[in-house]
Amino acid sequence: MIDLDRGENLTRGRGGPGPGAIDPDLSARACPACGARGAIPFCPGQARGRGQSLAVRCPQCSLVYIDPVPPEATAHESYGSGYYEPWQGREERARLRLWSRRLQMVEARARRGALLDVGCGDGLFPRVAKDAGWRVDGIEFSPEGARRSSHRLGRPVAVGDLTRERVLRGPFDVITLWHVLEHLVEPAAMLDAARARLRPGGLLVVAVPNFDNLPMRAAYRLARGRPLPLYETGAREPHISHFSPRTLAAFLRRRGFAGIELRPDRCALTLPKKCIDAAAAFLSFLSRRLLTDAMVAFCRRPR
């Protein structure tokens, strides 16, 4: 266990853009985690034309994010039937085991009650939770995903953005965000919407890729001969925010959550990635630094 509920100061400077800051005419997007401006190119020497997306680092909270937001990252068409087909084909059994392990992590921290799964995908996790005795609701940005979730659960699943829809008001005992925040233009608004729907003392579960996944980065460079990209045009799952353990913990504290606990999210489905992530978990234990490819945060709305 890595406990980051200590309130470290992650400030990297104040008072406007520093050396290497992006021309404000090219970058108008504030940091999605803390709202600061004056983003600095993550890789020194990066250059771009007007409107071209690249990775930048916030000078205040150190979050790495993509600016400007690529249009395909928020398009419903990116999450059509082709996106979900592998999940309900060759990956189904492995994903069922994954969701069962994740539910065990939740149940180790919360009694069974009302659970809201935000970004419920094809509905496999809500179904696993329902079969275990939870009262389950879900909401999904993708109409195709919501349709598949509704079919699994045998009842309607909300379609849309929890931050904008007046639905699913709760209160809920648990809200889960499994690999959702990294896709959002406004992740702070999502955390606020979740906090408003949790009962006092309720549990929020947030899983995201880990920016400190050094073993996976090294393996990718060895296999492909280039660094692991933070964003590529046409990627199946474009990530527009990249959280490290410290930036995620600071972000959750900033949005009013407490008791933050970070754990590895061992979500690899293929044997090579499982082996790399197992090595990363061992190195995490030795170094007391979270190095796995993904992580999950458990935190609570204060009473």
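What follows is an account of the cysteines and then of the salt bridges in this predicted model.

The search for disulfides, carried out over the whole structure, returns 0. C34 has the sulfur of C58 as its nearest cysteine sulfur, 3.5 Å away, and because a disulfide requires two cysteine sulfur atoms within 2.5 Å, C34 is in no disulfide. C34 counts as partly exposed, at 29% relative accessibility, and C275 also counts as partly exposed, at 48%.

Salt bridges, by contrast, number 16 across the whole structure. In one of them D122 pairs with R152, with 3.3 Å between the closest N and O atoms; this pair links distant parts of the chain, since D122 lies in the loop between β5 (114-118) and α3 (124-131) while R152 belongs to helix α4 (residues 143-153), 30 residues apart. D122 is buried, with a relative accessible area of 1%, and R152 likewise counts as buried at 18%.

Helix α4 also holds R148 and E144, which are 4 residues apart and therefore separated by about one helical turn; they form a salt bridge whose closest N and O atoms are 2.7 Å apart. Of these two partners, R148 is buried with a relative accessible area of 7%, and E144 is buried with 17%.

A further salt bridge joins R199 to D173, the closest N and O atoms being 2.6 Å apart, and this pair, too, links distant parts of the chain, with R199 in strand β9 (residues 198-209) and D173 in strand β8 (residues 172-178), 26 residues apart. R199 counts as partly exposed, at 32% relative accessibility. Elsewhere, salt bridges with shared partners join R95, D122 and R152 into one network.

Definitions and conventions
Residues numbered from 1 in each chain as written. Predicted model: local features only at pLDDT ≥ 70, side-chain atom pairs only at ≥ 80, totals over all residues. Heavy atoms only, no water. Buried < 20%, exposed > 50% of the residue type's maximum accessible area, 1.4 Å probe, protein only. Salt bridge = Lys/Arg side-chain N within 4 Å of Asp/Glu carboxyl O. Helix = DSSP H or I, 4+ residues; strand = E, 2+ residues; numbered from the N terminus.
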